[in-house]
Protein chains: 2
Amino acid sequence: MERERLIALVEATLDEVMPRPDGPAAGLFEAMRYAVGAGGKRIRPLVCLASSAAVGGDVEDARYPAAAIEILHNYTLVHDDLPAMDNDVERRGKPTVWKKFGEAGAILAGDALLALAYQVAAKSPRNVAEIVGVLGEMGVGVVMGQVGDLELGNGERGTAAAKAMAVEPGNGEVEFVYRHKTADLFIAAAKMGALAGGGDEAAVGKLGEFALNLGLAFQYEDDLLDGDGAWPADETRRLVDESTAAALAALEGLPGDVSFLCGLARSLVGRKA
Amino acid sequence: MERERLIALVEATLDEVMPRPDGPAAGLFEAMRYAVGAGGKRIRPLVCLASSAAVGGDVEDARYPAAAIEILHNYTLVHDDLPAMDNDVERRGKPTVWKKFGEAGAILAGDALLALAYQVAAKSPRNVAEIVGVLGEMGVGVVMGQVGDLELGNGERGTAAAKAMAVEPGNGEVEFVYRHKTADLFIAAAKMGALAGGGDEAAVGKLGEFALNLGLAFQYEDDLLDGDGAWPADETRRLVDESTAAALAALEGLPGDVSFLCGLARSLVGRKA
């Protein structure tokens, strides 16, 4: 399983399912494509495809859930960047969606991406009810994470907004946010891939465990890169190592090819961006 | 089929699936319940339940799709009321969600409701892939309608926002907006109900046709009530009658009990609110 081939499958599927910018709502579709096509690393869809392989399934079977998780991930970025949230004007070196298409445009483009994600996930060749159930649960979870993140003051107007939502601050709060804001979409990616590949309940559970720890490692590593973590750097480094080890341990005993997922987990440790 | 019994089924299902306001994200869940529990007429879930009966199915089989369409409908209201959109401070005699929970709170509560809607729809006892596919398609459609509606100037900051989205104004534009902003959720309700009740493709198609015309009649009647339609009142009255007749005609030949849907279509003509 070469990374390039998997990325090509993700990009081809995204291009297939994203609406073409024509007709009366062409501007909406343009904003949606702008949001999704802005050159992300596509880590979540790669996890999804590789999770199908990890249960002994075909990566092709997970192509729609993989596209769905990337679409859903990008809707979260579009809404997180809004003035009422993190108030970011630039992402990946380009204007954010609200900066380019207006606030209403960004709210609506994000909404349409979220609805599209479920439509696309439902194209899985099997286990659609379970797949949509997982994506729905994690779709709510990622919002819970953003509510907590605003409370932590990462957003400009964060604290006031989250106080209105009654999130209590505290140390457990950091873990709550990391779990939901970051890990939930990794969990959805892995479980959907395992379900699309025909994995049994135990295999789906193992991949969920893998993805939770991968997501936590990813977030702790982010803290190290940004130098703004909730803990001192050596403690954060320890958390990265612990989470990575737990992720790798969860892959043991799976019936399929776990090499890609192992490599991905290892590559997060000490990554540069 | 008494309306009261159907309404009770909708309310019980909504209460079952809406998250309880406790834990670190209690404020988010409170905002979600505030949005959905604010005393709507529940017309869309009634259409969903009755569409299951119309294909000869059990109304109970459509309870989760019915709850899903009501949750999705309420997310559209939460986001439409935002300052960047229609900038409304009151709905159904109470403060709008953003007025009570802040802008970020309303964006996030709407997002979580949308994700929840798909999670709930996936609990249908059959045809989940088709049901989620319809809800996804119509979930994108309703956003297309809102983009067009902003262009028509119904929102305070509408025109500028929609111009940025490149929607072209014009006469066909009004029909485009009515079809998507209003009829799409009726279509989703009816088709999901028919699918949940085990209807065949022809029956699902007929109920989609019924719901398109019901939605148009609903919107034209709204214009008459508000006195702000795109056409003169007598022309709008003719459009109500035409759409109602087309809705009733679409119900002919269905294998189940269509009495509730007939009554609903007839009750829209000359309604007072």
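Two residues are in contact here if their C-beta atoms, placed from the backbone, lie within 7 Å. The model is predicted: local features need pLDDT of at least 70, side-chain atom pairs count only at pLDDT 80 or more, and totals for chains, interfaces and linings use all residues. Residues are numbered from 1 along each chain as its sequence is written, and chains are lettered from A and ligands numbered from 1 in the order in which they are written.

**View 1. The side of chain B that touches chain A.**
Contacts link 50 residues of chain B with 50 residues of chain A. On chain B, α2 (26–36), α6 (103–121), α7 (128–151), α8 (158–164) and α9 (171–196) each supply at least two residues of this side. Helices (H or I, at least four residues) and strands (E, at least two) are DSSP runs, numbered from the N terminus. The largest share, 15 residues, comes from α7(B). By class, the side of chain B has 33 nonpolar, ten polar and seven charged residues. Nonpolar means Ala, Val, Leu, Ile, Met, Phe, Trp, Tyr, Cys and Pro; charged means Asp, Glu, Lys and Arg; the others, Gly among them, are polar.

**View 2. Helix α6(A) against α7(B).**
The axes of α6(A), residues 103–121, and α7(B) come within 7 Å and cross at roughly 165°. α6(A) is therefore roughly antiparallel to α7(B) (angle over 145 degrees). Axes are lines fitted to C-alpha atoms over the stretch in contact, and angles run from 0 to 180 degrees between N-to-C directions. α6(A) contributes residues including A:Ala104, A:Leu108, A:Asp111 and A:Tyr118. Among those from α7(B) are B:Val132, B:Gly136, B:Glu137 and B:Leu150. The residues of this contact divide into twelve nonpolar, five polar and two charged.

**View 3. Leu135 in the largest nonpolar core.**
This core has 196 residues, of which A:Leu135 and B:Leu135 touch the most other members. A nonpolar core is a set of buried Ala, Val, Leu, Ile, Met, Phe, Trp, Tyr and Cys residues joined through C-beta atoms within 7 Å. Leaving out residues up to four places away in sequence, A:Leu135 touches A:Ala68, A:Leu72, A:Ala117, A:Tyr118, A:Ala121, A:Ala188, A:Met192 and B:Tyr118.

B:Arg42 lies in the loop between α2 and α3 (43–54) of chain B. Its phi is near 60°, a positive value in a residue other than glycine. B:Arg42 counts as buried because it has 21 C-beta neighbours inside 10 Å. A residue is buried with 20 or more other C-beta atoms within 10 Å of its own, exposed with 12 or fewer, and partly exposed in between. B:Asn87 is found in the loop between α4 (63–80) and β1 (90–91) of chain B. Phi of B:Asn87 is near 55°, again positive and not in a glycine. B:Asn87 is partly exposed, with 15 other C-beta atoms within 10 Å.

Conventions. Parallel < 35°, antiparallel > 145°, perpendicular 65-115°, else oblique.
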